[in-house]
Amino acid sequence: MGEVKVHGIFAGPFNKRVELALKLKGINYEYIEEDRSNKSDELVNYNPIYKQVPVLVHNGKPICESIIILEYIDDTWESNTIPLLPKHPYQRSIARFLAKLIDEKLMGAMYKVCYGKGEEKEKGCDETFEVLKYLDNELQNKKFFGGDNIGFIDIVASYIALWFGAIQEAIGMELLTKQKFPRLSKWIDEFLCCRIVKENLPNKEVLVPLYKAQFAAATQKVSS
């Protein structure tokens, strides 16, 4: 197995993906908390281009970007439990597409919702609904995106299950509801009820005030 370390930030959605994957694989690791405003020399050395978390360090070798790290974990500890990614090439390509959809399209849309004004904010809402509808349809009648077990997309979509809801509450908007997205809402309940998820993800009650403070600071900065 070797030495495994994870550099992350408190309640960060991207490093929590990595930690959840390691937990699902049964891999012991050391967690190293980073300070956004005072990043460690180690982090800068391991990720000199972006200087961001998460970084997985395996036997002294750094791997950056959460999606890439998830695939590395699945390939490196292939024999540990059920694989995160599907084996069939087509299904793997679909999983990668959905991950890209969440990280780029959905998160980009939510940025517009949170920080945009007027038409830009409205456009962000429309784009958010578009992605959520696509994911809702993708679930069909499955318990998880990966089928009967938590897999690659479920881990990536943990952002939707937890952080998305906290953002909604912080900005006072309801974008993801059971009426609009019944399958996605059911998936969220199933996902958050899993023991390993409950033990390793932060509580929404912790996230909401953090986001409220973040949005308030951004508003104050713009008005000053």
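Residues are numbered from 1 along each chain as its sequence is written. In this predicted model, local features need pLDDT of at least 70 and side-chain atom pairs count only at pLDDT 80 or more, while totals for chains, interfaces and linings use all residues; side-chain values use heavy atoms, leaving out hydrogens and water.

Helix α4 (residues 89-115) packs with helix α7 (residues 158-171) at an angle of about 10°, the axes being 11 Å apart. This makes α4 roughly parallel to α7 (angles under 35 degrees count as such). Where the two meet (heavy atoms within 4.5 Å), α4 brings I102, L106, M107, M110, V113 and C114, and α7 brings Y159, I160, F164, I167 and I171. By class, this contact has eleven nonpolar residues, with no polar and no charged ones.

Turning to the cysteines, the disulfide count (sulfur atoms within 2.5 Å) is zero. For C193, the nearest cysteine sulfur is that of C194, 7.5 Å away, too far for a bond. C193 is exposed at 56% relative accessibility, whereas C194 is buried at 18% (buried means under 20% relative accessible area, exposed over 50%, partly exposed in between, with a 1.4 Å probe and protein chains only).

The whole structure holds nine aromatic pairs (ring centres within 6.5 Å; planes under 30 degrees apart count as stacked, over 60 as edge-to-face, the rest as tilted). One of them, Y72 with W77, is edge-to-face, at 6.4 Å centre to centre and 85° between the planes. Here Y72 is partly exposed at 26%, and W77 is buried at 6%.

Conventions: Axes are lines fitted to C-alpha atoms, for helices over the stretch in contact, and angles run from 0 to 180 degrees between N-to-C directions. Helices (H or I, at least four residues) and strands (E, at least two) are DSSP runs, numbered from the N terminus. Angles under 35 degrees count as roughly parallel, over 145 as roughly antiparallel, 65 to 115 as roughly perpendicular and the rest as oblique. Ala, Val, Leu, Ile, Met, Phe, Trp, Tyr, Cys and Pro count as nonpolar, Asp, Glu, Lys and Arg as charged, and the others, Gly among them, as polar. Rings of Phe, Tyr and Trp (its six-membered ring) pair if their centres lie within 6.5 Å; planes under 30 degrees apart count as stacked, over 60 as edge-to-face and the rest as tilted.
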